[in-house]
Amino acid sequence: MRTTVFRLSLMYALAFSILTAIVLGFVFISTQNYLTERITQTLQTDLATLLEPDADASESGGGRDTRDLIDRIKEIQHFDKTRGGIVALSNSAGKILAGNLLHWPQTIAHKDGTARFNINDSAIPPALRQRSDDFDVLVFVHALPNGNWLIVGQQLADEEDLSEYIGSLFILALLLITLMGLLGGVVMGRAALKQIDQIRNAAQKIARGDLTERLPVHPKRHNEFDEIAIELNLTLDRINALIKGMREVTDNVAHDLRSPLNRLRTRLEVALLDHNQIKPCQHILNESVEDLQGILSTFNTLLSISQAEAGIQRIPFSPQDLSALCRDMGELYEASIEEEYLSLQCDCPTPLMISGNRDLLAQALSNLLDNAIKYTPRGGRITLSTTKLDTWAELRLCDTGTGIPQDQYTHVFQRFVRLDTARNLPGNGLGLAQVLATITAHRGEIHLSDHQPGLCVQILLPLSSAQI
């Protein structure tokens with residue numbers, strides 16, 4: 001009873017039972033109305049037969065007079081005892097002139113139309129009653145032109161028995177349907193709970209550290225539980241990949257930092273042994289400081305990537321002009337580019353307002369410019385441009401360098417990944433990983449393409465609502 005599935009099943013069974021009761025009630029009432037209508041039509045036929053003029057009266061243009069009608073009633077008042085027929089003629093004062101009633105029924109008014117009264121009414125002789133139990137009599141009352149009243153009727157013993165029988169069947173059917181609905185709800189609830197138990201058991205194994213465990217998915221069922229299990233399995237695959245990547249990062253960090261730390265230890269030991277030689281010691285210490293600076297740079301880059309991947313909730317965002325940022329970075333790197341005998345073309349004329357963190361964006365653009373300078377041979381060209389694309393601000397950085405193979409476009413954004421062509425160049429393989437983390441934190445996209453020769457980096461960042 002505590003589970004939502006079981007409660008919903010019971011609610012469905014209750015709603016289905018109520019709907020069934022409404023349908024069966026409508027059928028029951030319709031059946032009763034049909035029976036009443038059939039009897040009423042029969043009574044109207046009997047009345048028309050009584051009032052039908054004979055041949056002599058038709059020729060003279062008249063109908064049955066009171067004497068003829070009394071004689072007609074005396075002839076037929078005993079012919080239909082099997083169905084409990086009622087027929088009587090009374091004057092305006094209610095005195096019976098002819099028929100099988102003792103007096104005018106107490107509960108029947110002198111008014112044209114159908115009416116009902118109880119079989120125990122004293123107007124009906126005991127010998128005329130079909131049975132001794134309680135039931136109704138349906139009558140049709142008609143006013144004659146001379147002020148007399150004619151009444152024809154039929155006892156409803158058989159019709160009421162039929163109605164009671166049908167009502168009992170409907171109640172039995174409603175009970176069976178309700179029980180079957182409750183049973184079906186329980187069965188469906190247990191089936192759903194079984195799937196939930198399978199998911200809970202798998203989740204418990206995952207919580208205990210077994211990240212290879214996956215939620216069960218039926219190969220043919222494909223219901224909502226299977227859809228949820230598929231999505232959760234994809235999430236678990238992502239988590240497992242992240243943990244695997246974290247382990248690889250740890251291994252790579254240990255591998256990349258081992259050599260500089262060993263060299264630093266050796267140099268410091270040499271400096272301590274050769275403390276009398278000032279200049280060699282200074283040179284060794286300077287090299288050690290450079291190695292320490294490289295180690296600190298690696299850790300700072302990892303910290304920057306972690307901050308960017310943490311999301312915008314932990315990064316202060318403010319309105320930024322992407323074009324102005326690109327122009328500033330172009331001016332900052334102009335001297336370095338010229339020293340490498342390269343040319344820079346900066347085309348960022350239109351202000352493009354975005355919401356972002358200037359320091360992170362500047363660091364990401366700095367990494368891209370460093371890579372462009374590093375991998376572009378002398379005489380090459382670097383272009384930096386911004387433009388508006390629908391609801392996006394586009395930043396495009398292209399160079400004429402060695403480029404990246406297309407099958408490595410996704411791989412190069414992972415941490416500590418360096419292609420074979422970059423093994424002999426300075427770096428730690430974290431630059432593009434930091435760029436991707438920054439762009440993702442800004443709800444943007446980054447795409448690589450072949451510049452023939454070289455590489456084009458396209459960055460798309462959402463424009464602020466004021467500029468869309």
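Reply: The basis of the model comes before the questions and answers. This is a predicted model, in which local features need pLDDT of at least 70 and side-chain atom pairs count only at pLDDT 80 or more, while totals for chains, interfaces and linings use all residues. Residues are numbered from 1 along each chain as its sequence is written, and side-chain values use heavy atoms, with hydrogens and water left out.

Me: How many helices and strands does the secondary structure of the protein come to?
Reply: Helices (H or I, at least four residues) and strands (E, at least two) are taken as DSSP runs and numbered from the N terminus. On that basis the secondary structure comes to 9 helices and 12 strands.

Me: What length does helix H1 reach from its first C-alpha to its last?
Reply: Helix H1 covers residues 4-51, which makes 48 residues. The expected span of a helix is 1.5 Å times one less than its number of residues. For H1 the expected value is 70 Å, and the reach in the model is close to it, at 70 Å.

Me: Which residue caps the N-terminal end of H8?
Reply: A polar contact is a pair of N or O atoms within 3.5 Å; within protein, one must be able to donate a hydrogen and the other to accept it, and residues adjacent in sequence count only if both atoms are side-chain atoms. At the N-terminal end of H8, a side-chain oxygen lies 3.2 Å from the backbone nitrogen of aspartate 359, and the capping residue that supplies this oxygen is asparagine 357.

Me: Which element gives the most to the lining of the largest cavity?
Reply: On a 1 Å grid over the protein atoms alone, a cavity is a set of points where a 1.4 Å probe fits but cannot get out, and its lining residues have an atom within 4 Å of a point. Grid points are joined across faces, edges and corners, a volume being the space filled by probe spheres set on the points, and about 80 Å³ lies in the largest cavity. H7, H8 and S12 each supply at least two residues of its lining. The element that gives the most, with 4 residues, is H8.

Me: Is glutamine 458 buried or exposed?
Reply: Glutamine 458 is found in strand S12, and a polar contact of 2.7 Å joins its side chain to that of glutamate 394. Its contacts (heavy atoms within 4.5 Å) beyond four places in sequence include Leu389, Leu395 and His447. Because its relative accessible area is 16%, glutamine 458 counts as buried.

Me: What is the relative accessible area of leucine 430?
Reply: Leucine 430 lies in the loop between S10 and H9. Its C-alpha atom and that of valine 412, 18 residues apart along the chain, are separated by 9.3 Å. Leucine 430 is buried, with a relative accessible area of 0%.

Definitions and conventions: On a 1 Å grid over the protein atoms alone, a cavity is a set of points where a 1.4 Å probe fits but cannot get out, and a pocket is an open set with protein on both sides within 12 Å along at least five of seven lines; lining residues have an atom within 4 Å of a point. Buried means under 20% relative accessible area, exposed over 50%, partly exposed in between (1.4 Å probe, protein chains only).
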